[in-house]
Amino acid sequence: MVAERLVSEVPLPGFDNSQMDGFALRAADLTVRDGAATLPVAGTTAAGQEPGLLPLGAAFEVMTGAPVPAGADLIIPVEFTQGFGAKEVRFTGLTEADVVRGRYIRAVGSDIEAGALLAEPGDVISPAQLAVLAACGFSEISVLEPIRTLVVSTGDEIRRPGSELRPGQLYDADTPLLGAVLETFGHRVETSRIGTDDPAWFLEALDALVAVHHPHLIITAGGISKGAYEVVRQGLGRRGISFGVVAQQPGGPQGWGRLEGDLEGRGLLHWRAQSDDARAPIAVIALPGNPVSSAVSMETLVRPALAAVDPNCAPPRRITVRTTEDISSPPGVRQFRRVRILEDAAAEAGAVPTVALEGGPGSHLLGHLARADALLELPEDDVEIPAGSERQAVLITGRGVGTR
């Protein structure tokens, strides 16, 4: 992303040049009879040469991209002649449309005028825009680095996939899931596991990770509910991070805030002082540990917040869908149900796609999430939804219409 406003100091093209290999002349000097005319050849201009001065009543050989000789206002392509190298050129097959001032001349500034705005701060530069900047003479530009995000899963029961599990232990699905989604947002992601239920140990380990990775954003998974071993809530709550419950299912428990304060203090801010942007606070988002709850929270809460401040992060992709079965939802809660988009309906141009529920509302149904295309949104007052109802749905990252 660009960090500054970029304005072109030069026009593009920077000079009148020939669009074709051919002959430059004055339209007024060409007398066409029966589609033919003849003019003496006064010189040749190739690309990269300085433009010559066109004598009255003569033509100049010009190559594609070559400067138009001073005085010329028309290019006749070589296809209308017998070629280059003679002392005079005979034009044949001409019509009135071929003898028009400005034809086949790329006028100075016809693409980009001097003073034109090329980019604003926060704009994402495409390959074509990069070419424009180079063509306008920019040898280097200031850019914003990608957001550095540290994703941390927590809990004494969490283990690295592939390791041996003891009774009651689980493989970590949160860091692969959240890391993959954040990479689609354009983030530079580092992931780690802090396998403890001890708040002091958790903070010490997190401090060490921050010292290594210097993140702009920390996203944690797990340890934020109201139980006795909620290590994230108990640890980061001491450092000013807020925790609460939103009226959403799944994904009710949430935590958010910023880590900031005296740079000479201890803990996370002490480590932050080692980075180049030491005075910038670290944003923190604490998500539930259940992978389904984390995934839904990413699409419904985290993505909208990041999209509002980061041009690299696209906003949620919402579509209108039609249900195929009766659905019940608890009052006072915004429920998101996993659904599949039925391919036959989605294929019809302009039709509202129909959806079928993929599993129940339980937040433990990770396999059903993997098979779903979207999250059907049922607002707080949507208690009984009959089949055939139209509602909004949020497409899941990597899934949705046209991805299968």
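1. Let's start with Pro13, which sits in the loop between strand S1 (6–7) and strand S2 (17–18). A word on the labels: helices (H or I, at least four residues) and strands (E, at least two) are DSSP runs, numbered from the N terminus. There is also a cis bond between Gln249 and Pro250, with omega about -5°, and Pro250 belongs to the loop between strand S16 (248–249) and S17.

2. Before going further, the ground rules. This is a predicted model, where local features need pLDDT of at least 70, side-chain atom pairs count only at pLDDT 80 or more, and totals for chains, interfaces and linings use all residues. Residues are numbered from 1 along each chain as its sequence is written, and side-chain values use heavy atoms, with hydrogens and water left out.

3. Now the overall picture. The protein chain has eight helices and 25 strands. Its radius of gyration is 32 Å, well over the 22 Å that the globule rule gives for 404 residues, so the chain is more spread out than a compact globule. (That radius is taken over C-alpha atoms, and the rule is 2.2 Å times the number of residues to the power 0.38.) Along the principal axes, the C-alpha atoms fill a box of roughly 95 × 60 × 40 Å. Of the 404 residues, 42% are buried, where buried means under 20% relative accessible area, exposed over 50%, and partly exposed in between (1.4 Å probe, protein chains only). Taking contacts (heavy atoms within 4.5 Å) with a separation of 6 or more, 70% are between residues 24 or more positions apart.

4. On to a sheet. Five strands make an open, mixed sheet in the order S6-S3-S5-S4-S7; two strands count as paired if DSSP finds at least two bridges between them. Strand S6 (74–77) and strand S7 (88–91) are the edges, each pairing on one side only. From one strand to the next the twist averages 40°, with axes as lines fitted to C-alpha atoms (for helices, over the stretch in contact) and angles running from 0 to 180 degrees between N-to-C directions. Within the sheet, strand S4 (residues 37–45) and strand S5 (residues 59–62) run parallel and share four bridges, with Val41 opposite Ala59 in S5.

5. Strand S10 (residues 148–154) deserves a look. Seven of its seven residues are buried, so S10 is largely enclosed by the rest of the structure. In a regular strand, side chains alternate between the two faces of the sheet. Here Arg148, Leu150, Val152 and Thr154 point one way, while Thr149, Val151 and Ser153 point the other. S10 has a parallel pairing with strand S13 (residues 188–194) over seven bridges, where Thr149 faces Val189. S10 also pairs in the parallel sense with strand S14 (residues 217–221), over five bridges, and there Val152 is opposite Thr220.

6. What does the side chain of Gln254 make a polar contact with? Gln254 is in strand S17 (residues 253–259) and is buried, at a relative accessible area of 6%. Its side chain makes a polar contact of 2.9 Å with the side chain of Ser297. For the record, a polar contact is a pair of N or O atoms within 3.5 Å; within protein, one must be able to donate a hydrogen and the other to accept it, and residues adjacent in sequence count only if both atoms are side-chain atoms. A polar atom of the Gln254 side chain also lies 2.8 Å from the backbone oxygen of Gly251. Beyond neighbours within four places in sequence, Gln254 touches residues including Ile224, Phe243, Leu287 and Leu301.

7. Arg101 is in the loop between S7 and strand S8 (105–106) and counts as exposed at 64% relative accessibility. Its side chain has a polar contact of 3.2 Å with that of Asp73. Arg101 and Glu157 are 56 residues apart in sequence and 79 Å apart in space, C-alpha to C-alpha.

8. Two backbone points to check by eye. Tyr104, in the loop between S7 and S8, has a positive phi of about 65° although it is not a glycine. His214 has a phi near 45°, again positive in a residue other than glycine. It lies in the loop between helix H3 (199–213) and S14 and is buried, at 18%.

9. Lastly, cysteines. With a disulfide taken as a pair of cysteine sulfur atoms within 2.5 Å, the count is zero. Cys136 is buried at 8% relative accessible area, and Cys313 is buried at 3%.
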